[in-house]
Amino acid sequence: MFIDSHCHLDRLNLSLHDNNLDNVIEAAKAAKVTKLLCVSVTLADFPEMAAKTAHYDNVFLTCGAHPLNQKDEIIPEQLLALSQDERVIAIGETGLDYHYAPETKALQLDSFKKHIHVAKQLNKPMIIHTREAQQDTLALLRSEGADQVGGILHCFTESWEMAEQAIALGFYISFSGIVTFKNATALREVAALVPDDKFLIETDAPYLAPIPHRGKENQPAYVVEVAKHLASIRGQSVEEIAKLSSDNFNRLFKL
């Protein structure tokens with residue numbers, strides 16, 4: 001019924017779950033979360049992430065390197081090779097983050113371009129992280145032809161103007177637990193405007209647990225709280241939010 005379109009299962013503190021990832025997956029199923037997209041943040045860690053999730057038929061993968069992980073240069077051939085795993089349905093997460101590391105701008109731009117080129121080679125959608133880099137993110141998506149594959153602007157916290165332009169390029173807007181936070185009034189205004197066929201829900205687990213779980217480690221089961229808040233914001237039922245966001249995910253990834 002629900003789909004967590006962005007989580008990091010390999011980053012969870014499994015000591016909170018009896019040291020067994022099965023318990024996390026079962027908790028998600030109990031909450032009617034039927035599919036999970038486990039997102040890569042470094043190429044070096046991708047093989048371990050793939051191995052940890054190998055026996056879950058409802059867990060899909062992405063392959064890429066987060067813009068804040070610039071220690072290792074992105075080698076397109078390596079990204080291509082790792083992305084051959086049949087469970088990889090998207091490239092990323094990639095993008096630009098000038099909030100935490102503006103000094104790595106040149107490296108981030110180079111990495112982002114390489115991810116776009118590989119995504120186009122493989123004809124796979126992209127998972128985009130963007131923070132305080134609206135103009136550069138949109139400019140690069142346009143100049144490098146990312147509209148050919150589309151994808152997701154995940155954990156969206158930017159303006160409606162940016163969302164609108166990204167949607168025009170074939171991207172979906174994904175909302176995380178941030179939309180439940182008290183100080184997220186502007187984001188809720190954006191969430192009310194995104195068309196029914198262009199929004200997704202996510203946890204970004206283990207980060208950004210939604211209210212009423214704020215302060216705890218996040219997990220995929222909590223994506224239901226994001227859906228509940230979106231339902232209230234958008235004047236829709238939780239069932240509608242679940243169906244629309246799931247249909248959008250399945251359409252984007254041709255599942």
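These legends describe close-up views of a predicted model.

**View 1. Helix H4 from end to end.** Helix H4 covers residues 105-122, which makes 18 residues. From first C-alpha to last, H4 reaches 26 Å. That is close to the 26 Å expected at 1.5 Å a residue. Asn123 follows H4 and has a positive phi, near 55 degrees.

**View 2. The buried residues of H4.** Gln108, Ser111, Phe112 and Lys114 of H4 are among its buried residues. His115, Ile116, Val118 and Ala119 are buried as well. An α-helix has 3.6 residues a turn, so residues three or four places apart point the same way. What covers the buried residues of H4? The cover includes two helices, H3 (76-82) and H5 (134-143). It also includes strands S4 (88-97) and S5 (126-131).

**View 3. The open sheet.** The sheet is open and has 8 strands, in the order S1-S2-S3-S4-S5-S6-S7-S8. Their pairing is parallel. Strands S1 (2-7) and S8 (199-201) stand at the edges. Each has a single partner strand, so one side of each has no neighbour in the sheet. From one strand to the next, the twist averages 30 degrees.

**View 4. Strands S5 and S6.** S5 and strand S6 (residues 151-153) run parallel, joined by 3 bridges. Which residue in S6 stands opposite Ile128? It is Leu153.

**View 5. Helices on the sheet.** H4 lies across S4 and S5. H4 runs at about 160 degrees to S4. H5 also packs on the sheet, where H5 touches S4, S5 and strand S7 (171-175). The direction of H5 makes about 155 degrees with that of S5.

Conventions. Residues numbered from 1 in each chain as written. Predicted model: local features only at pLDDT ≥ 70, side-chain atom pairs only at ≥ 80, totals over all residues. Heavy atoms only, no water. Helix = DSSP H or I, 4+ residues; strand = E, 2+ residues; numbered from the N terminus. Expected span 1.5 Å × (residues − 1). Buried < 20%, exposed > 50% of the residue type's maximum accessible area, 1.4 Å probe, protein only. Contact = heavy atoms within 4.5 Å. Pairing = 2+ DSSP bridges. Axes fitted to C-alpha atoms, helices over the stretch in contact; angles between N-to-C directions.
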